Amino acid sequence: MQLIVGTDSTWSLRAWICSQIAGIDLDLRVIDLRKASYKAEIHTVSKAGQVPILQDGDCAIHDSLAITEYLNELSDGALFPESNKERAMARSYCAELHSGFMSLRSQCPFTLDALEPLQTLDQNLQKDLARIDTLFASARGPFMFEKAGAVDAFYSILAFRLDSYGIKLQGAAGNYQAQLLQWDLLKSAIEQVRDWNRLGEC
């Protein structure tokens, strides 16, 4: 199987982390999203025109949530909790990140660059951060549930994004953010995107 990723693509990173948790080795193909021709290159693989894409034989699976579910099935449920109620909660957390936090996305884009701490938080951004604080505070420990899973793969990139802008949560939420930032798999993922960016420049 091949995972097709994009430079500076947080969704590609989340799919990659999920593959590592699931213990599934994937070949990687990097598409440089900084090039004007990137859409045409993606369309040679998937008509959806977005990364990541998981290519398994003649099946091209687009969208990080769908890829996560596919990897979960291939790994006998490694990415979600055993309890059906906790699985539902985990899926809802992933879906909320997938479709929400638009103010945070627009005002705090993902970057590997060193930034000055964000000084001004408008009302919409504050609402996003309040919800993130509630979500992070519900974590049971170093991971959201008993073991690392899809939720942690999704939210670890968010923890990194917040930290990049000097946003450090407090209390239980801050503990989860800090533990995610120390997670070896997140550190490896950040190195991955650095490598993807270098490959894109070749």
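Author: Happy to! Let's begin with the labels: helices (H or I, at least four residues) and strands (E, at least two) are DSSP runs, numbered from the N terminus. By those labels, proline 52 lies in the loop between α2 (38–43) and β3 (53–56). A cis peptide bond, with omega about 5°, joins valine 51 to proline 52.
Please keep in mind that this is a predicted model, where local features need pLDDT of at least 70 and side-chain atom pairs count only at pLDDT 80 or more, while totals for chains, interfaces and linings use all residues. Residues are numbered from 1 along each chain as its sequence is written, and side-chain values use heavy atoms, leaving out hydrogens and water.

Reader: What makes cysteine 18 and cysteine 108 count as buried?

Author: Buried means under 20% relative accessible area, exposed over 50%, and partly exposed in between (1.4 Å probe, protein chains only). Cysteine 18 has 0% and cysteine 108 has 1%, so both fall under 20% and are buried.

Reader: And why is serine 75 called buried?

Author: Its relative accessible area is 15%, which is under 20%, so serine 75 is buried. Serine 75 sits in the loop between α3 and α4. Leaving aside neighbours within four places in sequence, serine 75 is in contact (heavy atoms within 4.5 Å) with Ala22 and Ile24.

Reader: Is aspartate 8 buried, exposed or partly exposed?

Author: At 34%, the value lies between 20% and 50%, so aspartate 8 is partly exposed. Aspartate 8 is in the loop between β1 and α1, and its phi is near 55°, a positive value in a residue other than glycine.

Reader: How do you know how α1 and α3 run relative to each other?

Author: Axes are lines fitted to C-alpha atoms, for helices over the stretch in contact, and angles run from 0 to 180 degrees between N-to-C directions. Angles under 35 degrees count as roughly parallel, over 145 as roughly antiparallel, 65 to 115 as roughly perpendicular and the rest as oblique. The axes of α1 (residues 10–22) and α3 (residues 64–74) come within 10 Å and cross at roughly 5°, so α1 and α3 are roughly parallel. Trp11, Ala15, Cys18, Ser19 and Ala22 of α1 make the contact with Ser64, Ile67, Thr68 and Leu71 of α3.

Reader: What makes α6 and α8 roughly perpendicular?

Author: Their angle is about 75°, with the axes 7 Å apart. That angle falls in the range 65 to 115, so α6 and α8 are roughly perpendicular. Asp133, Phe136 and Ala137 of α6 meet Ala172, Ala173, Tyr176 and Gln177 of α8.

Reader: What makes a set of residues a nonpolar core?

Author: A nonpolar core is a set of buried Ala, Val, Leu, Ile, Met, Phe, Trp, Tyr and Cys residues joined through side-chain atoms within 4.5 Å. The largest here has 60 residues, and Ile132, Phe136, Val151 and Tyr155 touch the most other members. α7 gives the most to this core, with ten residues. A second, separate core has six residues, among them Ile4, Ile31, Val45 and Ile53.
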